[in-house]
Amino acid sequence: MTTASFSASNTAAVAAAAAAKTVLITGVSKGLGRALAVELSKRGHTVIGCSRAQEKLNSLQSELSSPDRHLFLNVDVRSDNSVKELARVMMEKKFVPDIIVNNAGTINKNNRIWEVPVEEFDTVIDTNVKGIANVLRHFIPLMLPKSRGIIVNMSSGWGRSGAALVAPYCASKWAVEGLSRAVAKEMPDGFAVVALSPGVINTEMLQSCFGNSASGYQTPDTWSLKAATMILNLTAADNGASLTV
């Protein structure tokens, strides 16, 4: 590639990232999802957010710049019908996402696998894996007519390694990595599906594992500055990648 052609392609990528996007973020009421929504809003993008915490959704919407430009709905990603209704409402309001960030997630309480209650194991898998599958099922068909789109499935360093006491979480994030790579092969040109590890961030989930030592890691607000830039600059060339913020 010549210097001129590289410069032109680089300029095009920057321009694409700067253009106003519609971004769907699941699990938007706290932690990484909330911080990312606030940062994207500050940059002039439209945020469609969902979670199960209506009061937190209301609080977030009132905090964002130009709150009427955004849409926040009470949705349980574990429920296919709930995600289907979200897709219907978004189509009705003509909000088709340019970018999806499948961020909703949960972790088990620190325990050896034989001590993890079956209901807790199911909740981790239903949220972290089936929740993403439900979003893909209902939103990829909406995005296909646009012939372009970015889907970011939040993974983890523990989706590429293992750790004691969080086996259900590790299993779910390894599944996210595999699901992302497989779906990437099913998408037409113009799309990218990536697995994105956020790194180690001081969230409620990290606190549940690390206790007080979690405070030594960066905050979601600090993380969102770099994460937003990275996500906005993803292109079809990143399809199938496993990335880290």
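Reader: How many aromatic pairs does the ring rule give?

Author: The count comes to three aromatic pairs, where rings of Phe, Tyr and Trp (its six-membered ring) pair if their centres lie within 6.5 Å, with planes under 30 degrees apart counted as stacked, over 60 as edge-to-face and the rest as tilted. The model is predicted, so local features need pLDDT of at least 70 and side-chain atom pairs count only at pLDDT 80 or more, while totals for chains, interfaces and linings use all residues. Residues are numbered from 1 along each chain as its sequence is written, and side-chain values use heavy atoms, with hydrogens and water left out.

Reader: What makes W158 and Y169 an edge-to-face pair?

Author: Their ring centres are 6.2 Å apart and their planes stand at 85°; the centres are therefore within 6.5 Å and the angle is over 60 degrees. The pair links distant parts of the chain, with W158 in the loop between β5 (149-154) and α6 (167-186) and Y169 in helix α6, eleven residues apart. Helices (H or I, at least four residues) and strands (E, at least two) are DSSP runs, numbered from the N terminus.

Reader: Why is Y169 called buried, and why is W158 called partly exposed?

Author: Buried means under 20% relative accessible area, exposed over 50%, and partly exposed in between (1.4 Å probe, protein chains only). Y169 has 8% and is therefore buried, whereas W158, at 22%, counts as partly exposed.

Reader: Which class does the pair of W158 and F210 belong to, and how do you know?

Author: This pair is edge-to-face, with 6.4 Å centre to centre and 70° between the planes. W158 lies in the loop between β5 and α6 and F210 in helix α7, so the pair ties together parts that are 52 residues apart in sequence. F210 has a relative accessible area of 31%, so F210 is partly exposed. Ring pairs link W158, Y169, F210 and Y217 into a cluster.

Reader: What places S208 in contact with other parts of the chain?

Author: S208, in helix α7 (residues 204-210), is in contact (heavy atoms within 4.5 Å) with I107 and N110, leaving aside neighbours within four places in sequence. With a relative accessible area of 38%, S208 is partly exposed. A polar atom of the S208 side chain lies 2.7 Å from the backbone oxygen of M205.

Reader: How do you know that the length of helix α8 agrees with its number of residues?

Author: The expected span is 1.5 Å times one less than the number of residues. For the 13 residues of α8 (residues 220-232) this should be 18 Å, and the end C-alpha atoms are 17 Å apart, which agrees.

Reader: What makes the largest nonpolar core a core, and which residues have the most contacts inside it?

Author: A nonpolar core is a set of buried Ala, Val, Leu, Ile, Met, Phe, Trp, Tyr and Cys residues joined through side-chain atoms within 4.5 Å. The largest has 30 residues, and those with the most contacts inside it are I25, L36, L40, V101, V152 and W223. Among the elements that each supply at least two residues are α2 (31-42), β5 and α8. L36 touches residues including I25, V101 and W223.

Reader: Is E39 buried or exposed?

Author: E39, in helix α2, has a relative accessible area of 10% and is therefore buried. E39 touches S224, L225 and A228, not counting residues up to four places away in sequence.

Technical notes
A polar contact is a pair of N or O atoms within 3.5 Å; within protein, one must be able to donate a hydrogen and the other to accept it, and residues adjacent in sequence count only if both atoms are side-chain atoms.
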